[in-house]
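Then follow the stops below, selecting residues as you go.

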Amino acid sequence: MIATIRIDLKQALFSFALSVSAVVALPGASSPVSAQGTVNVYNWSDYVEPTVIEAFTKETGIKVKYDTFDANETLETKLLAGRSGYDVVTPTAYFLERQIKAGIFQKLDKSRLKNLGNVWPEIAKRLAAYDPGNEFAVNYMWGTTGIGYNVARAREALKVGGSVTDAMANWDVVFKPENLARFKDCGVHMLDSPDDVMTAALKYLGLNPNSQAQGDLEKAADLMMKIRPHVRKFHSSEYLNALASGEICLVLGWSGDVKQAQKRAAEARGNVEVAYAIPKGGAQMWFDNFAIPKDARNVAAAHAFIDYMLRPEVAAKNSNFLSYANGNLASQKLIDKAVLEDKTVYPDAATMASLYTISARDQRTQRTINRLWTRIKTGR
Ligand code: N2P
């Protein structure tokens, strides 16, 4: 009873807000707007250009409640619990894959996605490995998991006078304990994400990053325990500012977040120079994608939001700001040369061929990984 009343009240407030925003929105609207109300979006932190959300509301009249996370695990916990309240979420493909199987999402209504023709077939094809037929999701951004570093500190640590670009593009820097030890004092962070870190350790050991063998996972954990003393923190979003400010000098992190740190450091005009490297031995390439939970309350607005993000100029604005590659081919002519031609953002064919992808793990393997990961983080 009480719940019903509450919903009615909310509805009433909604309609009021709507009638106000509709008046404001109409003059500027260039596309027919069938969706209204509020869209609840749950996206990664530092993952949208700051003016985009406001511009969407201004044009469509749809309000956006925008929350952020920095781990697939956080998103998944909410989705599995049900009634997350979210209309649009952005799981990484290997999480998306098992979430589709768990029946969490609804099929996209492609008739409501007028901008679907802008997608990059190459990326859609790769995504189809996780979402056969691209029925449930559309790619937003993709990137790699590699090494971010402070250029001057890396020079000191590696005792080289010239360029450190080549030397830093190597997992040896992270996984050889004597190497990482040289970065300990200036500060090392790592993603709090076993799917990013453990898979890199497996790759470094010459094992299959997708291995579900207990023995392989334990070998990766043993290696992690050797470098563990040199890691200051496992965290998946703090490193952006920490790297930009000079508070840390090395991170095992995500391409675009490191590139954003690089930009912030440059804008601050201090003496911090940040760079990102894709290790030559092979790094992970991942895909983050829009999907709509089955129990989304505003399905029309969810489609309107996704469709807006698929506009070439919006996708380009996001990639220009975030330095993440996107899944939108039509946006490429609008992307700054500095971003589009940056091989650490849009890798060349040779690098692409060296990248690996991962897929969803079975429950048992996931439990093993979680147990090992806790041991690694606590260092015991
Ligand atoms: C955004 C990080 C998203 C990359 N800050 C992880 N898939």
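Start with Thr-77 and Ala-81, which are exposed on the face of helix H3 turned away from its buried side. This is a predicted model. To see the whole helix, select residues 72–81.

Now turn to the other side of H3. Which residues of H3 are buried? Select Asn-72, Leu-75, Glu-76 and Leu-79. Look down the axis of H3: these buried residues fall within an arc of 95°, so they line one face of the helix. An α-helix has 3.6 residues a turn, so residues three or four places apart point the same way.

What covers the buried residues of H3? Show strand E1 (38–44), strand E2 (63–69), strand E3 (88–89) and helix H4 (93–101), which are among the covering elements.

Step just past the end of H3. Gly-82 sits there, with a positive phi of about 85°.

Next, select helix H2 (residues 52–60) together with helix H14 (residues 299–309). Their axes come within 11 Å and cross at roughly 120°. The two helices are therefore oblique to each other. The crossing of H2 and H14 is right-handed.

Last, show the side chains where H2 and H14 meet. From H2, pick Val-52, Ile-53, Ala-55, Phe-56 and Glu-59. From H14, pick Ala-304, Phe-305, Tyr-308 and Met-309. How many residues of this contact are nonpolar, polar or charged? The contact of H2 with H14 has 8 nonpolar residues, no polar ones and 1 charged.

Methods. Residues are numbered from 1 along each chain as its sequence is written. This is a predicted model: local features need pLDDT of at least 70, side-chain atom pairs count only at pLDDT 80 or more; totals for chains, interfaces and linings use all residues. Side-chain values use heavy atoms; hydrogens and water are left out. Axes are lines fitted to C-alpha atoms, for helices over the stretch in contact, and angles run from 0 to 180 degrees between N-to-C directions. Helices (H or I, at least four residues) and strands (E, at least two) are DSSP runs, numbered from the N terminus. Angles under 35 degrees count as roughly parallel, over 145 as roughly antiparallel, 65 to 115 as roughly perpendicular and the rest as oblique. A crossing is left-handed if the near helix is turned anticlockwise from the far one by less than a right angle, and right-handed if clockwise. Contact means heavy atoms within 4.5 Å. Ala, Val, Leu, Ile, Met, Phe, Trp, Tyr, Cys and Pro count as nonpolar, Asp, Glu, Lys and Arg as charged, and the others, Gly among them, as polar. Buried means under 20% relative accessible area, exposed over 50%, partly exposed in between (1.4 Å probe, protein chains only). The arc is that of the directions from the helix axis to the C-beta atoms.
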